[in-house]
Amino acid sequence: MKKWLSVLMIAAVALFIAACGSSDEGSEGSDEGTKTLKIGASNVPHAEILNEAKPLLEEKGIELDITTFQDYIVPNQALEGGDIDANYFQHIPYLESQMAENDYDFVNAGGVHIEPIGVYSQEYDSLDDLPEGATVIMSSSVPDHGRILTMLEKEGLITLKADVDKTTATIDDIEENTKNLKFDTEYEAALLPQIYNNGEGDAILINSNYAIDAGLNPVEDAIALEESDSPYVNVIAVRAGDEDKEEIKALLEVLHSEEIQNFIEEQYEGAVVPVTE
């Protein structure tokens, strides 16, 4: 009797192990070998672009799992912690500053688009109309300051010191300020559309992703818009070594495809400019 019980128990264990193995194999190789790529992104335009790319990636056997974020800090923390495989929300200078500040071992896997930053005003129709001592509100994100100040310099409102690296310039690097503009850097970038709607400040510089998300049209509503040759390209960031993974290469290939490039141009009408590097 004991002998038969032992045989039955061994058979039951063997069946259980076989069932588990079959279940695991089904999970890893589900949908005929489909791979999942987890990516974090800002709502607009990043997640919208990724959603447009989803069907094209599915054709390549890759399921895109998109998580949206509302700030500029958590997506890099999530990438560092392994919660996502890549993120798509930041431009190159910001990525580099975050890597230096937090010792992240990330790589720029490739650029996708540029979001020209815009100047918005409830009272004035052009930068020339700004009065003496006008208050200019811009993001508290220091990596964006050089970008904004370079734009204001091109518009003739300020002059930066001759020897300064304009991508890292700060308010302290302003040499001439012809209108004696006052700069307010108190607010996070995501709050700036609300500050604009509240009528605060004389001019507010807002990143296009937040402007679009708030219902603003950068091309029509901004009184000045950054030129499309901006070096502030939004990129796909990954952990070092992952840039050569098949899924990442496939993602960039799709994002650089004519179909997605045309979608960006038609959907955002100049408020977002596609790139292929």
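These are legends for several close-up views of a predicted model.

In this prediction, local features need pLDDT of at least 70 and side-chain atom pairs count only at pLDDT 80 or more, while totals for chains, interfaces and linings use all residues. Residues are numbered from 1 along each chain as its sequence is written, and side-chain values use heavy atoms, with hydrogens and water left out.

View 1. Of the 277 residues, 45% are buried, where buried means under 20% relative accessible area, exposed means over 50%, and partly exposed is in between (1.4 Å probe, protein chains only). Look at contacts (heavy atoms within 4.5 Å) with a separation of 6 or more, and 74% of them come from residues 24 or more positions apart. The protein exposes about 14000 Å², and carbon and sulfur atoms supply 47% of that; areas come from the Shrake-Rupley method with a 1.4 Å probe.

**View 2. The open sheet of six strands.** Its order reads β2-β1-β3-β12-β4-β13, with mixed pairing; two strands pair if DSSP finds at least two bridges between them. At the edges sit β2 (62–69) and β13 (273–274), each pairing on one side only. Strand β4 (residues 106–114) runs antiparallel to β13, joined by two bridges, and pairs with β12 in the antiparallel sense over seven bridges. H113 has a bridge partner on both strands: N234 in β12 and P274 in β13. I114, for its part, is bridged to V273 in β13.

**View 3. Helix α5 across the sheet.** Helix α5 (residues 92–102) lies across β3 (86–91), β4 and β12 (233–239). Relative to β3, the helix runs at about 110°; axes are lines fitted to C-alpha atoms, for helices over the stretch in contact, and angles run from 0 to 180 degrees between N-to-C directions.

**View 4. H91 and the residues it touches.** H91 lies in strand β3 and counts as buried, at 6% relative accessibility. Leaving out residues up to four places away in sequence, H91 touches P143, D144, R147, Y232, V233 and N234. Y232 is 141 residues away from H91 along the chain, yet their C-alpha atoms are separated by 5.2 Å.

**View 5. The open sheet of five strands.** Here the order is β9-β6-β10-β5-β11, and the pairing is again mixed. The edge strands, β9 (182–184) and β11 (224–225), each pair on one side only. Two bridges tie β5 (residues 118–120) to β11 in an antiparallel arrangement, with V119 bridged to A224.

**View 6. The largest pocket.** This one has a volume of about 230 Å³. Of its 17 lining residues, Y72, I73, Y94, S141 and E188 lie nearest the centre. Helix α5 gives the most to the lining, with four residues. On a 1 Å grid over the protein atoms alone, a pocket is an open set of points with protein on both sides within 12 Å along at least five of seven lines, a 1.4 Å probe fits at its points, and lining residues have an atom within 4 Å of a point.

**View 7. Helix α10 and its buried residues.** Seven of the ten residues of α10 (residues 246–255) are buried, so the helix is largely enclosed by the rest of the structure. The buried ones are E247, I248, A250, L251, L252, V254 and L255.

Definitions and conventions: Points joined across faces, edges and corners; volume = space filled by probe spheres on them.
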